[in-house]
Amino acid sequence: MSDYYKNKTAWVTGSSRGLGRSIAEKLAEAGCNVIISGRNQTNLRSSGEGNSVDEAATEISGKYGVRCIAVCGELSREEEVERCIGEIHEKMGPVDYLVCAAGGGNVGTALKKELPQDYASHFDLASVKAIFDHNLISTMLCCRVVIPDMLARGSGRIITVGSIAGCGGNKNGNDGFTAYSMAKSTIHQYTRLLAKKLRHDGIPVNCIIPGNINTPSTRIRFGGDREKPVEGLSRLEHVGKPEDIAHLAVFLCGPGGEYISGQLIRVDGAEQLSPC
Ligand SMILES: NC(=O)c1ccc[n+]([C@@H]2O[C@H](COP(=O)([O-])OP(=O)(O)OC[C@H]3O[C@@H](n4cnc5c(N)ncnc54)[C@H](OP(=O)(O)O)[C@@H]3O)[C@@H](O)[C@H]2O)c1
């Protein structure tokens, strides 16, 4: 691996497990120092990925010979995001790469309650707001606190994480995913607007749009391991792996990503060829 990533610092939100964890590991493997984060310090064990975030950080450090720390917080809350970036500055310095993977459709009880079939006239406002907070607002708040570092240094990369649920007509969506679909589509548009804003400052901003990826949250939601084809969900023979997303994130942070900005890049096993 080239020295391109050496001494760069990457903050990957939502990296206590799942896609974010894989992105953090691949960036560490490439040579970056990495901050991993989730809301909770200790929920990894229950999701079947082994250890606490602090233990995971020590493991990543040892395995790849980079600096890695865990900084956890509720990233939909301004004061928590401020606390996290303060801790990051103190322990790791300015952030070169921000990957906003925190989010998802299952926010406490919100998923179950969010938008019922007749959402045109009935919905649970608190649940809808929670979905937007955990996806769009957390992304915007994290971008806001790293952009000053990037502007001061005239460099940086930002990657947001959208979803195929936020594309087209949300063909896989049902009454449990409508607010998630809307929240993710706003991340897609936010990414384009941010890329436009930062285009004169040497800061590429792109959005990775994952298809159906095998992570703890989707295993819980769909039951089982999702290694077999899921009818109607993917055009390829298998669902994606977290690494399928992580490879693209590493590419976008590397030399290949210098001239790519404002893009919404789907990594979905050709799902996009299936009409929404
Ligand atoms: N897996 C898929 O098929 C798929 C498809 C399309 C898009 N995505 C997107 O990819 C991202 C990761 O998905 P995943 O399947 O890996 O999910 P996951 O296994 O549930 O992991 C989500 C991560 O985000 C953290 N998180 C969630 N809300 C947060 C908040 N408000 N503040 C701070 N951290 C928060 C979680 O930490 P805690 O548990 O400690 O809160 C965890 O580390 C999500 O944005 C999801 O919408 C996933």
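Helix H1 passes helix H8 in a right-handed crossing. Keep in mind that this is a predicted model. Two packed helices are described by the angle between their axes and the distance between the axes. For H1 and H8, residues 242-253, the angle is about 45° and the axes are 8 Å apart. An angle between 35 and 65 degrees counts as oblique, so H1 and H8 are oblique to each other.

There is a second pair to look at. Helix H3, residues 78-92, and H5 have axes that come within 10 Å and cross at roughly 40°. That angle makes H3 oblique to H5. The crossing of H3 and H5 is right-handed.

Now the sheet. Strands of a sheet pair through backbone hydrogen bonds, either parallel or antiparallel. Which kind of pairing do we have here, parallel or antiparallel? The pairing is parallel, in an open sheet of 7 strands with the order S3-S2-S1-S4-S5-S6-S7. At the edges are S3, residues 68-70, and S7, residues 264-267, and each of them pairs on one side only. From one strand to the next, the twist averages 15°.

Take strand S4, residues 97-100. On one side, 4 bridges join S4 to S1, residues 9-13, and the two run parallel. Tyr 97 in S4 is the bridge partner of Ala 10. Another 4 bridges join S4 to S5, residues 157-161, again running parallel. Here Tyr 97 has Arg 157 of S5 as its bridge partner. S5 in turn is joined by 4 bridges to S6, residues 205-210, and this pair runs parallel too. Ile 158 stands opposite Val 205 in S6.

In a regular strand the side chains alternate between the two faces of the sheet. What covers S4, then: are its residues on the two faces buried or exposed? Tyr 97 and Val 99 on one side, and Leu 98 and Cys 100 on the other, are all buried, and both faces of S4 are covered.

Last, the ligand. There are 30 residues around the ligand, and those that come nearest are Gly 14, Gly 18, Gly 38, Gly 103 and Ser 217. The elements giving two or more residues to this shell are helices H1 (18-30), H5 (125-153) and H7 (216-222). How many residues of each class does the shell have? The shell has 19 polar, 8 nonpolar and 3 charged residues.

Terms used:
Residues are numbered from 1 along each chain as its sequence is written. This is a predicted model: local features need pLDDT of at least 70, side-chain atom pairs count only at pLDDT 80 or more; totals for chains, interfaces and linings use all residues. A residue is near a molecule or strand if its C-beta atom, placed from the backbone, lies within 6 Å of it. Ala, Val, Leu, Ile, Met, Phe, Trp, Tyr, Cys and Pro count as nonpolar, Asp, Glu, Lys and Arg as charged, and the others, Gly among them, as polar. A residue is buried if 20 or more other C-beta atoms lie within 10 Å of its own, exposed if 12 or fewer, and partly exposed in between; C-beta atoms are placed from the backbone. Two strands pair if DSSP finds at least two bridges between them. Axes are lines fitted to C-alpha atoms, for helices over the stretch in contact, and angles run from 0 to 180 degrees between N-to-C directions. Angles under 35 degrees count as roughly parallel, over 145 as roughly antiparallel, 65 to 115 as roughly perpendicular and the rest as oblique. A crossing is left-handed if the near helix is turned anticlockwise from the far one by less than a right angle, and right-handed if clockwise.
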